[in-house]
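Let's take a friendly walk through a protein model.

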Amino acid sequence: RGPAPEEAALGEAASGGAATEGQLLAEGFAAAAAPGVGRDIAIVMPRPWSAGAPPQGVFAPGPGQERLDPDTVAAISSRRSSVLVPCAIDDPDEQVVAERIIPCMSGDKHTCVLMALIFPPGIELDHETNNRIITKYSRILGLGFDDVLVDPSPEPDELRRATGISKSMLELNGRRMQFMLQTEPEPVTHEQLQKLHARHRRLLWESIPHALMPYFAPLNRQLVEGPRSLDHYRLVRRIETVKGRLLLALDENRKAHVVKVIDKNNVTALGQLECIYREYRFLSQIIRHPNIVRCVEMLHSPTRIYLVFELVGNTNLARVLQSLPGQRLEEAAAMDVFGQVGNGLAYCHAQCISHRQVSLPHIVVQMYGTRYHCALVDFHKAMMVRGKCTSRTVCGSLPCIAPEMALGKAYVPFRVDCWSFGAALLETAGGLGSMSRFLRYDEQSPEAAATANKQLELFAAPGSHASALACVGAVSSSAVVAPLAMLLQPEPGDRSEVRKAVAAEKDRVSGQQAPCQPCGGQQAPEPERESGGRGPAT
């Protein structure tokens, strides 16, 4: 291989070839500055002097040489506190310059190595030139120089002042770094770290629940945990789920339950602990409704929390829709599901509880004959709502998240439930992807905040709810559009309450001469407690 272009250019200058314009500019600066800089500053050239010997105070490699000889370097390091290397701004060889200067001067930590970036006469400091200066400045610092003097004056007093300020700042920064290192605390030992972890664990899982969560299950160090058993439950299999870990289990009477497993190592903050307690408290003692899952008990072992739920279905609504032609329910079945979920959600609102994550995966479904029985699950983000209470916590995702929640604004929890409930109806009756098709967002990488502005704009237009319903399967149904128009309103205050939307649907059905009864007009039977089968996928 031949030499690199920049090495060849420097080699040409070293062998007595014609000096470049940049080299002559740097030599002119050195010649002007050398007589008055004194004995503290050495001006070092990266190339041999172009004509004759360099002036006194300027050090350059000899003819045919690439670097200063060791004796010269030793003399500079012993007598001079600063080394100044002139380089023209248009010289592209600063990397080669650094490779020739920095290794020679790096042996003495008291010597400050500066580069003087020299501008040609008459240069125009426009936007492009300024960007070029900034880029070159950063590149030079990255090559190992202590600092860069940008177009310094060769006038001796000004040059000494500039180099003095630069060196003082470097010394100050060095002392500051040394002080920071000295004041940095000693690293925590492994034993101390173990003690901190143990203290944090006791605080999170024993002290706080004991003081603030009276219904939290106490720690049971004797709890039986095996690959096939948990306390008095027999574990059957793992349930497929998008997030978390669910197990199908049978009690001593062979009744089927779903066990939600929470690894305590994954819970590090009080907010996460509160979510666990909130779900248990709501679903075990406060909420009692046939369309809402019930939590049977909480088990607390040294390593895990187990929430045991009744089995309310063997799949969720999203998976049901995925398995159907057109990925949607017919009008009668969709409105039946709407009524069941709406009854459960309205009951929660009457108990001053907002779910905040109503969505298709959180509606568990069990088939009875030709009718679906539905139940709301996953209340770990639910909250009590009193008076004009608002929140900013973002829960859920598209297509069901309310626009004001997605935008990070303060929202009224009941109103976001109304929007999410309406969005779930749109996907159920219109087909999966109705919201994304109407808003034209990518389902693979949806940005909820950006999509929220489209929701606010498009759903404000007349006829938008019918258009959204028809996007996927050309569905046309006044029975579905009516509740959509009540719930999917951009202005939260314009949204109907869930109970009113459900009541309007009941009035519509009762007003028909031949009401559509998906199950022959009979009430859906109470869900049996199955001893097997798939559990809910939430």
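## A proline and its neighbours

Leaving aside residues up to four places away in sequence, which residues does Pro154 touch? Pro154 is in contact with Phe29, Ala32 and Ala33. Keep in mind as you look that this is a predicted model.

You can find Pro154 in the loop between strand S5 and helix H6. Its relative accessibility is 30%, so Pro154 counts as partly exposed; to be called buried, a residue would need a value under 20%. Now look for Val37: this residue is 117 residues away from Pro154 along the chain, yet the C-alpha atoms of the two are separated by 8.9 Å.

## The whole chain

Let's zoom out. The protein chain contains 17 helices and 16 strands. Its radius of gyration is 38 Å, well over the 24 Å that the globule rule gives for 538 residues, so the chain is more spread out than a compact globule. Along the principal axes, the C-alpha trace spans about 110 × 60 × 50 Å.

How much of the chain is buried? Buried residues account for 44% of the 538 residues. Among contacts between residues at least 6 apart in sequence, 69% join residues at least 24 apart. The accessible surface comes to about 27,200 Å², and carbon and sulfur atoms hold 52% of that surface. As for charge, there are 56 positive and 58 negative side chains, with the centres of the two sets 11 Å apart.

## One side of a helix

Next, find helix H16, which covers residues 478-487. Which of its residues are buried? They are Ala479, Val480, Pro483, Leu484 and Leu487. These residues cover an arc of only 130 degrees around the axis, which puts them on the same side of H16. Here is a handy idea to remember: an α-helix has 3.6 residues a turn, so residues three or four places apart point the same way.

What do the buried residues of H16 pack against? Their partners are helix H10 (331-350), helix H12 (413-430), helix H15 (464-470) and helix H17 (498-511).

## Around helix H6

Helix H6 runs over residues 156-183, and Ala162 lies in it. With 26% relative accessibility, Ala162 counts as partly exposed.

Most residues other than glycine have a negative phi, and most peptide bonds are trans. With that in mind, return to Asp151, whose phi is positive, near 45 degrees. Arg440 also has a positive phi, near 60 degrees. Arg440 sits in the loop between helix H13 (434-439) and helix H14 (448-458). Is Arg440 buried or exposed? Its relative accessibility is 73%, so Arg440 counts as exposed.

Finally, where is there a cis peptide bond? One joins Leu398 and Pro399, with omega at about 10 degrees. Pro399 belongs to the loop between strand S16 (383-384) and helix H11 (403-406).

Methods
Residues are numbered from 1 along each chain as its sequence is written. This is a predicted model: local features need pLDDT of at least 70, side-chain atom pairs count only at pLDDT 80 or more; totals for chains, interfaces and linings use all residues. Side-chain values use heavy atoms; hydrogens and water are left out. Buried means under 20% relative accessible area, exposed over 50%, partly exposed in between (1.4 Å probe, protein chains only). Helices (H or I, at least four residues) and strands (E, at least two) are DSSP runs, numbered from the N terminus. The arc is that of the directions from the helix axis to the C-beta atoms. Contact means heavy atoms within 4.5 Å. The radius of gyration is taken over C-alpha atoms; the globule rule is 2.2 Å times the number of residues to the power 0.38. Accessible areas come from the Shrake-Rupley method with a 1.4 Å probe; for residues, only the protein chains shown count as cover. Lys and Arg count as positive and Asp and Glu as negative; His and the chain ends are not counted. The place of a charge is taken as NZ of Lys, CZ of Arg, CG of Asp or CD of Glu.
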